[in-house]
Amino acid sequence: MKLVTIENIPGQDFEVLGMVKGTIVQSKNFGRDFMAGLKTLVGGEIVGYTEMLNEARQIATKRMVDEAEKLGADAIVGVRYGSSAVMQGAAEVVAYGTAVKMK
C-alpha cells in the first residue's frame with residue numbers, strides 16, 4: 001500500500017474510493033507519567049511520551065490501511081495525522097486520507 005501526503009501521484013490515474021481513517025486513544029502508564037513530571041522540572045524531551053505517540057501513530061496508520069484494503073485500494077493519498085488530548089493522561093491520534101484504486 002502506497003501512502004503519500006500529496007493529493008496526486010505523478011503519472012498515475014486513479015479512481016477515488018473514499019475517505020479512510022484509523023484512530024486510537026492511548027494512555028500513558030503511571031511510570032511514564034511520573035517520570036514525565038520530573039522531566040518537566042529540568043526540561044528536554046520526554047522520551048516516554050515520544051515513544052507512546054510514535055506507537056499510537058503506527059497503530060492508527062495500520063487501521064487506516066486496513067480500512068483502505070477492505071475497499072480494494074492500491075494507495076492512500078493526502079495522508080494526514082492529528083492528535084488531541086481527550087482527557088488527562090490520554091491522547092487520541094487519528095490518521096486519515098483518501099483511498100484510491102490505480103487505473
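Student: Which residues touch the most other members of the largest nonpolar core?

Tutor: A nonpolar core is a set of buried Ala, Val, Leu, Ile, Met, Phe, Trp, Tyr and Cys residues joined through side-chain atoms within 4.5 Å. Buried means under 20% relative accessible area, with a 1.4 Å probe and protein chains only. Here the largest core has 13 residues, and V20, M64, A68 and I76 touch the most other members.
This is a predicted model: local features need pLDDT of at least 70, side-chain atom pairs count only at pLDDT 80 or more, and totals for chains, interfaces and linings use all residues. Residues are numbered from 1 along each chain as its sequence is written, and side-chain values use heavy atoms, leaving out hydrogens and water.

Student: Which elements give two or more residues to this core?

Tutor: Helices (H or I, at least four residues) and strands (E, at least two) are DSSP runs, numbered from the N terminus. The contributors are strand 2 (14–27), helix 2 (47–70), strand 3 (75–87) and strand 4 (90–102). Helix 2 supplies the largest share, five residues.

Student: What is V20 in contact with, leaving aside neighbours within four places in sequence?

Tutor: Contact means heavy atoms within 4.5 Å. V20 meets M64, E67, A68, L71, I76, A95, Y96, G97 and A99. Another core lies apart, with six residues, including V4, F14, V77 and V100.

Student: What pattern does the protein chain follow along the sequence?

Tutor: The order is β-β-α-α-β-β. Of contacts between residues at least 6 apart in sequence, 74% join residues at least 24 apart. Buried residues make up 29% of the 103 in the chain.

Methods
Buried < 20%, exposed > 50% of the residue type's maximum accessible area, 1.4 Å probe, protein only.
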